[in-house]
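These notebook entries record what I looked up, entry by entry. I began with charged pairs and then turned to other parts of the chain.

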Amino acid sequence: MDTIMPTGAGATTAWTPSTGSNYQNVDDTDIDDDSTYNSEADVNGVDTYAFGNLTALTAATIHAVAVNICSRNDDADTHKHKAIARPASTDRESAEFTNTSSYKIYQAIWALNPEDSAAWEEADVNGSEFGIKLTA
């Protein structure tokens with residue numbers, strides 16, 4: 001298993017960073033809750049991030065790509081989001097998740113590359129952006 005983290009801003013940066021750049025607020029290996037975060041009030045706002053390359057792969061099969069998002073509501077409204085995979089030039093959305101008032105980790109899994117419905121290849125993952133979309 002290989003874990004990659006954001007290394008730069010992606011094609012879309014609609015969310016507002018609490019400090020610094022948007023990707024710097026979501027590149028933590030340990031979740032820091034309200035220390036650094038991105039926020040968004042506009043439905044359909046998307047934030048995507050560039051990622052580093054896979055490193056542990058040596059002619060191995062990629063069985064799936066999992067995108068982990070840690071989020072919460074910060075008001076009384078019900079907010080929902082989707083994970084985004086962007087293997088090429090189109091955002092591909094996961095199923096929808098409903099936020100709670102406490103931080104929670106949500107995971108979207110793509111067994112196949114959503115761009116071509118084929119198995120993921122190392123170059124597919126290395127060239128992809130991943131992120132989040134506010135849906136409600």
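**Entry 1: Arg92 and its partner.** I looked up Arg92 and found a relative accessibility of 25%, so I recorded Arg92 as partly exposed. The model is a predicted one, and I kept that in mind throughout. Next I checked for a charged partner: the side chain of Arg92 meets that of Glu115 in a salt bridge, at 3.1 Å from N to O. I noted that Arg92 lies in strand 7 (residues 92–98), while Glu115 lies in the loop between strand 8 and helix 1 (122–126); the pair is 23 residues apart and links distant parts of the chain. Glu115 has a relative accessibility of 29%, so Glu115 also goes down as partly exposed. I then recorded a network in which Lys82, Glu93 and Lys133 are joined by salt bridges that share partners.

**Entry 2: Arg86.** Is Arg86 buried or exposed? I found 15% relative accessibility for Arg86, and because buried means under 20%, Arg86 counts as buried. I looked up the salt bridges of Arg86. One is with Asp91, where the side chains meet at 2.7 Å, N to O. Asp91 stands at 25% relative accessibility and is therefore partly exposed. Another is with Glu129, where the closest N and O atoms are 3.9 Å apart. Arg86 belongs to strand 6 and Glu129 to strand 9, so this pair ties together parts of the chain that are 43 residues apart in sequence. Glu129 has a relative accessible area of 17% and is buried. I reminded myself that side chains of opposite charge can pair when their charged atoms come close. The count for the model comes to six salt bridges.

**Entry 3: Asn38.** I turned to strand 3 (residues 38–39), where Asn38 is found. With a relative accessible area of 13%, Asn38 is buried. Which side chains make polar contacts with the side chain of Asn38? I found the side chain of Asn25 at 3.1 Å and the side chain of Tyr49 at 3.3 Å. Leaving out residues up to four places away in sequence, I listed the residues that Asn38 touches, among them Trp15, Pro17, Val26 and Asp47.

**Entry 4: the largest nonpolar core.** How many residues are in the largest nonpolar core? I counted 21, and within this core Trp110, Trp120, Val125 and Phe130 touch the most other members. Strand 4 (46–51), strand 5 (65–71), strand 6 (80–86), strand 8 (104–110) and strand 9 (129–134) each give two or more residues to this core.

**Entry 5: Ser117.** Ser117 has a relative accessible area of 55%, so I recorded Ser117 as exposed. I also looked up the separation of Ser117 from Thr61: the two are 56 residues apart in sequence, and their C-alpha atoms are 15 Å apart in space.

Methods: Residues are numbered from 1 along each chain as its sequence is written. This is a predicted model: local features need pLDDT of at least 70, side-chain atom pairs count only at pLDDT 80 or more; totals for chains, interfaces and linings use all residues. Side-chain values use heavy atoms; hydrogens and water are left out. A nonpolar core is a set of buried Ala, Val, Leu, Ile, Met, Phe, Trp, Tyr and Cys residues joined through side-chain atoms within 4.5 Å. Buried means under 20% relative accessible area, exposed over 50%, partly exposed in between (1.4 Å probe, protein chains only). Helices (H or I, at least four residues) and strands (E, at least two) are DSSP runs, numbered from the N terminus. A salt bridge is a side-chain nitrogen of Lys or Arg within 4 Å of a carboxyl oxygen of Asp or Glu. A polar contact is a pair of N or O atoms within 3.5 Å; within protein, one must be able to donate a hydrogen and the other to accept it, and residues adjacent in sequence count only if both atoms are side-chain atoms. Contact means heavy atoms within 4.5 Å.
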